[in-house]
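Biologist: I would like a close look at one residue of this model, followed by an account of how the rest is put together. Please state each cut-off where its term comes up.

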Amino acid sequence: MTDRREVLSLIAGVAVGAMLAPVSVLAADRKILQVYTDGDTNVTDFFANTVLPAFEAAFPDLTFKLTLTRGVANENVTIAERTLAALQTKTDPKADYFEELEPRSVKGGLEAGLFAKLTPANVPNLAMANPASADLDVRLPYRGSQVLIAYDGAKIPTDKAPRTFADLVAWVKANPGRFIYGRPDKGGSGHNFVVRALHEANGRDPSLFRRDNFEPAKAEAAFQKAWVLLREIHPYTYGNGAYPAGNTPTLQLLAQGAVDMISAWSDQALQALKSEVLPATVKLLQFSDLALCGGFAYSAIPANATHLDGALKLANFMMSKEMQTAVVREIGGFPGVTWESLDPALRKEYIDIIPVSIPTFPDGDWSKALNAGWYKNVATNLSQ
Amino acid sequence: VAVAPLIVGPLALLVVFALIPIGLTLVETLTSETGAFPSVSRYAAFFADGYSRANLLYTIVQTLVSTLTVLTASLIIALQLRFGRGRVSAVIQGLALFPLFVPGIIVAYALIRFLGPNGSLQILLEHVGLTGWFRSPYLTPTGPFLGFVWENLPLPVLILTAGLAQVSGHGVEAARDLGAGIGRILVEIILPQVQRSLLIAFSLTFLSIFGAYTVPYLLGPAAPEMMGVFMQRTYSNLGEPVAAEVQAVLSFLICAVVAAFYVHALTQEQGATEASG
């Protein structure tokens, strides 16, 4: 069987090679890594336009094919589940690298040893990683971002902009229709705003919500207080609660001047400012009492990757000074390595977005229940 | 008779990829959380939840209002095409069929840019002095309504134009000679003859709008949700595939009623053709 398949793939390889030959002789010699991403356009563009050419230049024998899984089934998790099935049946997973994947969200994946351990031994640049990102040794923290408040400085003087969540609630009520956040299940900018309301209503203590302590009754009690707070601003939001379906539609409302203030991802807001999608008058701020949530985006590599060596090289390349600087410059993210390991001039330039702390909120049960509850208790105009 | 062996292929596809999955889904939704079968507990849970009921009701109302608007508009256009003359009709026909070639997602984004807050329409209105009263339909039920009307216009226009082609000009002229007004001609001469076409156009438009996803997802409010959007969220964000299946079966049942009209209209037509042939 195996022989036959090899022969077939050889024939296929020769056929593909023959088709590619006139275009590029070199391309046929490269091993093709299968990279999956479910990131937003900023991330997928970054991989296609910046990472790919730089990677091919650095490794003449390697390249990668980027497959976008955004919005399809359960995105990268679905591909990881297929990879797990391939591990169990010892077949080719046709996957080498997940641009972003939380290994814990693949049921049974960690137990089955689906993911390759990533340490400075096989990914040398991991030695520079930000200690805040260390948690699980099968994840590669290659970029980070945080949700913050973006507002139009032309309409709101900097000294009048809300610096705490309570200030924001007061501002929203005083300026009906001028603030909006996105639906929490459709993007992190809306989700982490809802999470911040949950934190606000429960003593601003993010440590209350951990991956291992979800209990429906306890969650319900904590959520109720957040719903009261969010219902309070609901009638004063844009269009009496016309919550947009994602990070980008929310940014668009600010860009069109339909609202003056939104919650947004730091990287998306910075990139929109850079490309002038957002007017230059837009300013960014982080709450001083407790920051909005953020975190690192983790890549993962299946232990049964078709080209494990190549995938590890890509991982190390992503953590290199060159690519980490590109993460900051190109997509407005913050680096997965410590700021100290990058150029001091860069650090000075971005001092406003370098976070002091990065609160997090567990995905899985907590997030699912929070998103589901928001639809029933906040978004709907049904009588309560 | 010669076609009979060939039908095996499509039939097998239908059985394997449609009928068997539908059967499995039905069994799953009729199995309770504790494994009892048959049990309607999952359906009871759907109807016990006010939010789910509101979504179902909203979907039905949104679909009916949009469908009837589409039918009215396309009937007017089809009448113009049938009885109108000259270049105007040709232009109208082109415009009416144009949406057929535009993908739904493009329509949605175009409408966001055009009808959205501070979009083209609002700017135009403000330029002619109409300020203050414009409220963008984006992210309200009016958003998907406009999207549906735009997107679903061509097919009923084609169906009704074909139906009206069979209405004889003599009958209309005779009625006009006897002094009947436009309204009377429409109700008593034309509509009875295009009843079947209307029923077919109604069914197809209803089915297409009821199951829509892109337009209500991009243009509609966060809540209430249309069933397509609700199902997708229940399935992938909430991770409750069986609850999503219950929503799918309920949507399917409503669509089946409308589909029955369609089948009825089709068989009626065939019967009529055979009788006259």
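Where in chain B is Leu160(B) found?

Modeller: Leu160(B) is in helix α8 of chain B, which covers residues 154-165; helices here are DSSP runs of H or I with at least four residues, strands are runs of E with at least two, and both are numbered from the N terminus. The model is predicted, so local features need pLDDT of at least 70 and side-chain atom pairs count only at pLDDT 80 or more, while totals for chains, interfaces and linings use all residues. Residues are numbered from 1 along each chain as its sequence is written, chains are lettered from A and ligands numbered from 1 in the order in which they are written, and side-chain values use heavy atoms, with hydrogens and water left out.

With a relative accessibility of 0%, Leu160(B) counts as buried (under 20% relative accessible area; exposed is over 50%, partly exposed in between, with a 1.4 Å probe and protein chains only). Setting aside neighbours within four places in sequence, Leu160(B) is in contact with Leu71(B), Ser74(B), Leu75(B), Ala78(B), Ser197(B) and Leu198(B), where contact means heavy atoms within 4.5 Å.

Among contacts in chain B with a separation of 6 or more, 70% join residues 24 or more positions apart. The accessible surface of the chain is about 14,900 Å², and carbon and sulfur atoms hold 71% of it; these areas come from the Shrake-Rupley method with a 1.4 Å probe, and for residues only the protein chains shown count as cover.

Ser39(B) is placed in the loop between α1 (4-29) and α2 (41-48). Its relative accessibility is 14%, so Ser39(B) counts as buried. The side chain of Ser39(B) reaches the backbone nitrogen of Ser41(B) at 3.1 Å. A polar contact is a pair of N or O atoms within 3.5 Å; within protein, one must be able to donate a hydrogen and the other to accept it, and residues adjacent in sequence count only if both atoms are side-chain atoms. Beyond four places in sequence, Ser39(B) is in contact with Thr29(B), Leu30(B), Thr31(B) and Ser32(B).

Chain A is built from 13 helices and nine strands. Its radius of gyration is 22 Å, close to the 21 Å that the globule rule gives for 384 residues, so chain A is as compact as a globular protein of that length; the radius is taken over C-alpha atoms, and the rule is 2.2 Å times the number of residues to the power 0.38. Its C-alpha trace spans about 70 × 45 × 35 Å along the principal axes, and 52% of its 384 residues count as buried.

In the largest nonpolar core, which has 85 residues, Phe179(A), Tyr181(A), Phe193(A), Leu230(A) and Trp374(A) touch the most other members. Helix α7 (residues 216-233) of chain A gives the most to this core, namely eight residues. Another core lies apart from it, with 42 residues, including Val43(A), Phe59(A), Phe317(A) and Phe334(A). Such a core is a set of buried Ala, Val, Leu, Ile, Met, Phe, Trp, Tyr and Cys residues joined through side-chain atoms within 4.5 Å.

The strands come next. Chain A has an open sheet of three strands in the order β2-β1-β3, with parallel pairing. Its edge strands are β2 (62-68) and β3 (97-98), each pairing on one side only. Strands count as paired if DSSP finds at least two bridges between them. Strand β1 (residues 31-37) and β3(A) pair over two bridges, and Val35(A) has Tyr97(A) in β3(A) as its bridge partner. Elsewhere, β4 (residues 140-152) of chain A is joined to β8(A) by six bridges, and the two run antiparallel. Here Gly144(A) is bridged to Phe296(A) in β8(A). Six of the six residues of β8 (residues 294-299) are buried, so this strand is largely enclosed by the rest of the structure.
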